[in-house]
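Good morning, and thank you for the time on the agenda. I would ask you to keep the sequence and the structure in view while I speak.

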Amino acid sequence: MPSAPLPSTAKMAARSLTWLALAGFLVLASVPAVLKIPGLSRPHAWARDLLIEPLGLRFSHEVFPGLPGSWHPHRWALRVVAIERDGSTRVVEEWPEGLETGTPWLGEDVVDTLMYRLLGKGRITGPSIAGGTDREEAAYEAARKHTAPRKLLRWFCTSPQHWQAEVAPSGVRLEVFTTARRFGRRGERHGRGTLGVLACPAGKLPPVVEPQDPPSWYRGK
Amino acid sequence: MRRLIYAVDHAIFAPLPAAPLGAARALLGLSCLMAWSFTLPRLGALYGPGGAAAIFGSPRGAHWTEGALLPLEIGLLVGSLGLMLGAWTRTSALLLAACHTALIGRLDTWTWGWGTTTPLFVLLVAFGGGGAAASVDAWRAGGRRPGAAVGPAEISGWGPRLLWVHMGCIYLAAAWHRVDDEAWLTGHILWEALTSGVFSRWVALDFTSVAGPLRFLAYFAWGLELAAPLLLLLRPTRALTAALCIGLHAGLEISTTVGWWQFIMGSCLCAALPAELWRPVLHRLLGPRG
């Protein structure tokens with residue numbers, strides 16, 4: 001079968017240039033960041049030392065914009081304070097040397113990890129936590145003691161709408177609401193604080209001082 | 001100079017097998033058809049008056065679409081079906097891309113990226129020769145004979161090659177975007193995604209015991225994305241790279257919920273799989289009977 005005749009040189013040049021222009025447009029439109037690359041060696045150090053910190057930029061997943069720049073440890077020291085039904089508070093658990101978390105910023109996964117460990121160790125249980133219904137407290141107990149504990153316990157882990165935080169000089173303060181959203185269907189109760197958590201880099205937990213006039217995060221709302 | 005022009009022209013326009021791009025077009029049309037069929041019952045809640053787009057959407061979006069939901073949805077479904085079947089492929093692709101852009105432009109942040117990138121994929125596949133094989137267009141062009149829908153053996157290579165460049169750009173942009181992302185740098189991203197209530201399909205499972213393998217997979221995926229732009233363009237590595245990337249997207253689809261992105265990329269990657277894989281399939285499905 002005879003092959004198709006080759007187009008003229010001018011036509012080949014024109015169509016090649018058209019294609020290259022299209023491909024160039026795709027590259028320019030899709031990869032603007034590539035054009036700004038001054039060097040690719042040690043991208044981690046380059047990105048952090050030369051770009052992010054001097055320009056005041058932050059990692060895209062950073063949860064608390066007010067955190068000091070050095071506060072991205074993999075181990076977060078944590079102090080958990082339970083708020084009892086009568087409004088009094090007590091320290092439930094402390095990890096002064098830090099609780100290892102999946103990511104170096106304090107976010108949902110930290111709260112997940114924290115709640116999982118607290119529940120798994122039995123350091124917090126339903127009746128000691130304000131705000132839970134009887135059914136939720138029973139579910140806590142069942143989950144803690146009985147079958148498939150890991151799976152069930154993770155169901156009790158909080159999600160972002162169930163905790164809030166503020167950044168203070170001594171650390172990040174969180175209010176964690178432990179309402180069992182998947183079992184209790186009590187979303188309307190999420191507004192009640194149940195646990196106060198102070199988080200800061202490992203080894204920097206301040207001493208426990210019972211506040212005479214507890215701040216709102218400590219009392220719960 | 002003449003030699004150089006010839007070499008460049010040959011590198012771009014040398015024929016390539018038609019079957020892979022035809023299969024990719026059919027799968028891309030099917031993905032779009034699935035996406036917009038699933039959206040159909042929620043169209044009013046998403047894009048109608050007082051819907052999510054009106055509350056959370058982009059103020060630059062085309063607000064006239066609120067009153068034209070039914071024609072737009074019909075356009076999306078007809079365009080998707082036309083692309084899938086390869087019927088009036090280019091017209092179908094234009095219709096699909098236009099309706100898609102009009103709607104998605106109002107709520108692009110909710111689509112995890114597939115909303116804004118799909119129209120270009122659709123146009124590249126359709127105008128790059130995707131309708132030549134495995135299509136109604138091929139059947140019509142072949143005199144409506146039995147088996148004519150399989151189409152020609154080869155097409156001009158500029159379309160598939162432009163598609164690979166575009167896919168390479170997507171991977172390169174995704175991979176470079178991650179160099180200042182702590183979760184990727186430390187390899188914790190998969191652990192984070194799988195335990196995230198936003199992304200994970202399996203948020204109730206505990207992944208602590210597989211943190212090591214997840215870290216390996218995270219680095220592997222990142223490496224693949226960084227290398228794919230080059231490896232997709234080189235013939236010896238193209239098929240294996242496409243297969244690995246399809247596996248990557250399949251894994252993401254199984255483990256996370258990020259819209260239709262995996263379907264779109266997976267479909268287009270089929271254009272880089274070997275023709276020997278697609279030809280028997282097309283002949284069995286569309287070839288002459290008896």
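Please note that what you see is a predicted model. I begin with helix H1 of chain B, residues 2–13. Which residues of H1(B) are buried? They are B:Ile5, B:Asp9, B:Ile12 and B:Phe13. Viewed down the helix axis, the buried residues of H1(B) fall within an arc of 75 degrees, so they line one face of the helix. The face turned away from that buried side carries the exposed residues B:Arg3 and B:Leu4.

In general, side chains of opposite charge can pair when their charged atoms come close. How many salt bridges are there over all chains? The count comes to 2.

The pair I take up now is A:Arg15 with B:Asp9, whose closest N and O atoms are 2.6 Å apart. A:Arg15 lies in helix H1 of chain A, residues 9–30, while B:Asp9 lies in helix H1 of chain B, so this pair joins two chains. On the question of accessibility, A:Arg15 counts as partly exposed at 28% relative accessibility. B:Asp9, in contrast, is buried, because its relative accessible area of 5% falls under the 20% cut-off.

The other salt bridge is formed by B:Arg140 and B:Asp137, with the closest N and O atoms 3.3 Å apart. B:Arg140 is partly exposed, with a relative accessible area of 32%. B:Asp137 has a relative accessibility of 18% and counts as buried.

I stay with this part of chain B for two residues in loops. B:Ala134 is found in the loop between H7 and H8 of chain B. Although B:Ala134 is not a glycine, its phi is positive, at about 55 degrees. The second case is B:Arg144, in the loop between H8 and strand E2 (154–155) of chain B. B:Arg144 is likewise not a glycine, and its phi is positive at about 60 degrees. Are these residues buried or exposed? B:Ala134 is buried, with a relative accessible area of 12%, whereas B:Arg144 is exposed, with 53%.

Helix H7 of chain B, residues 114–130, holds B:Phe127. This residue is partly exposed, with a relative accessible area of 30%. B:Phe127 and B:Arg90 are 37 residues apart along the chain, yet their C-alpha atoms are separated by 6.1 Å.

I turn to helix packing. Two packed helices are described by the angle between their axes and the distance between the axes. In chain B, helix H2 (residues 19–39) and helix H5 (residues 69–85) have axes that come within 7 Å and cross at roughly 155 degrees. H2(B) and H5(B) are therefore roughly antiparallel to each other, the threshold being an angle over 145 degrees. The crossing in which H2(B) passes H5(B) is left-handed.

A second pair in chain B consists of helix H9 (residues 158–176) and helix H14 (residues 261–269), with axes that come within 11 Å and cross at roughly 140 degrees. That angle makes H9(B) oblique to H14(B). The crossing of H9(B) and H14(B) is left-handed.

The last helix I wish to show is H15 of chain B, residues 275–286. H15(B) has 12 residues and reaches 16 Å from its first C-alpha to its last, close to the 16 Å expected at 1.5 Å a residue. Its buried residues are B:Ala275, B:Trp278 and B:Leu282. They cover an arc of only 70 degrees around the axis, which puts them on the same side of H15(B). On the other side, B:Glu276 and B:Arg284 are exposed.

Of the 221 residues in chain A, 45% are buried.

Note on methods:
Residues numbered from 1 in each chain as written. Chains lettered and ligands numbered in written order. Predicted model: local features only at pLDDT ≥ 70, side-chain atom pairs only at ≥ 80, totals over all residues. Heavy atoms only, no water. Helix = DSSP H or I, 4+ residues; strand = E, 2+ residues; numbered from the N terminus. Expected span 1.5 Å × (residues − 1). Buried < 20%, exposed > 50% of the residue type's maximum accessible area, 1.4 Å probe, protein only. Arc of directions from axis to C-beta. Salt bridge = Lys/Arg side-chain N within 4 Å of Asp/Glu carboxyl O. Axes fitted to C-alpha atoms, helices over the stretch in contact; angles between N-to-C directions. Parallel < 35°, antiparallel > 145°, perpendicular 65-115°, else oblique. Left-handed = near helix turned anticlockwise from the far one by under 90°.
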